[in-house]
Amino acid sequence: MHGEAASSSGLPGLVSDWSSDRRAFKDVSWGKAMMWVFLLSDTFVFATFLISYMTARMSTIVPWPNPSEVFALEIGGHHLPLILIAIMTFVLISSSGTMAMAVNFGYRRDRRKTAILMLATALLGATFVGMQAFEWSKLISEGVRPWGNPWGAEQFGASFFMITGFHGTHVTIGVIFLLIIARKVWRGDFDDGRRGFFTSRRGRYEIVEITGLYWHFVDLVWVFIFALFYLW
């Protein structure tokens, strides 16, 4: 007993403890591991953007535009603050639900339901991007530019277009990827083992889960953008 305790202490014990964690990743596929690496690196990029935005907002002496006024819409003669942003958020969060169900049915090898739910997710994502394009066009028509705006601090325009544009690009890429994978699922590529891009060996629907990881990440990032940019 004394010998076992001694062998598990010191440097050998530390190495043994750390190396035991490899079991958690032993059965993880290369594709899923690389997606996690990409999402981790992308987290740092978004965090840098949001921290820079908060620094600019807290350090400027010029009043920051009021989001409730800037992002308001006039509908039927009524002034509705943040109504478009609320709808956009609801649409994107709902798409996480359809994506989660698509992954569930993917592992059940239910080809039809998986493809339909992925297409529904892509439709919700495209709707979000369309509403974001409307938001951009509205603000541009009102004079917002990356170098200034009519409501206060000049950093507002640069921060808004950089952060929401970068996120919107991620959503657009996700929509394209969803359409590609949904087509392959519907066509039966993962059942037949058909060779091609993003097609793993026969019977494996793991690419659906990998797509889901990316999509949930994009949705999670929007929660932080929504809280820091539109509610603060």
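**Close-up legends: salt bridges and the nonpolar core**

**View 1. Lys32 and Glu209 meet in a salt bridge.** Their side chains come together at 3.1 Å, N to O; a salt bridge here is a side-chain nitrogen of Lys or Arg within 4 Å of a carboxyl oxygen of Asp or Glu. Lys32 sits in helix H3 and Glu209 in helix H9, so this pair ties together parts that are 177 residues apart in sequence. Helices are DSSP runs (H or I, at least four residues), numbered from the N terminus. This is a predicted model, where local features need pLDDT of at least 70 and side-chain atom pairs count only at pLDDT 80 or more, while totals for chains, interfaces and linings use all residues. Residues are numbered from 1 along each chain as its sequence is written, and side-chain values use heavy atoms, with hydrogens and water left out.

**View 2. Lys32 also pairs up with Glu206.** This salt bridge has an N to O distance of 3.9 Å. Glu206 belongs to helix H9 and Lys32 to helix H3, so the link joins parts 174 residues apart in sequence. Are these two residues buried or exposed? Glu206 is buried, at 11% relative accessible area, and Lys32 counts as buried too, at 17%. (Buried means under 20% relative accessible area, exposed over 50%, partly exposed in between, using a 1.4 Å probe and protein chains only.)

**View 3. Lys138 reaches Glu142.** Here the closest N and O atoms of the salt bridge are 3.1 Å apart. Lys138 is buried at 16% relative accessibility, whereas Glu142 is partly exposed at 34%. Back at Lys32, shared partners join Lys32, Glu206 and Glu209 into one salt-bridge network. How many salt bridges does the rule give? The count comes to 3.

**View 4. The largest nonpolar core has 55 residues.** Think of a nonpolar core as a set of buried Ala, Val, Leu, Ile, Met, Phe, Trp, Tyr and Cys residues joined through side-chain atoms within 4.5 Å. Phe71, Met118, Val208, Trp222, Phe229 and Tyr230 touch the most other members. Helices H3, H5, H6, H7 and H9 each supply at least two residues of this core, and H9 gives the most, with 14.

**View 5. Val208 and its contacts.** Skip the neighbours within four places in sequence, and Val208 is in contact with Met99, Ala102, Val103, Thr114, Met118, Ile181 and Val185. Contact means heavy atoms within 4.5 Å.
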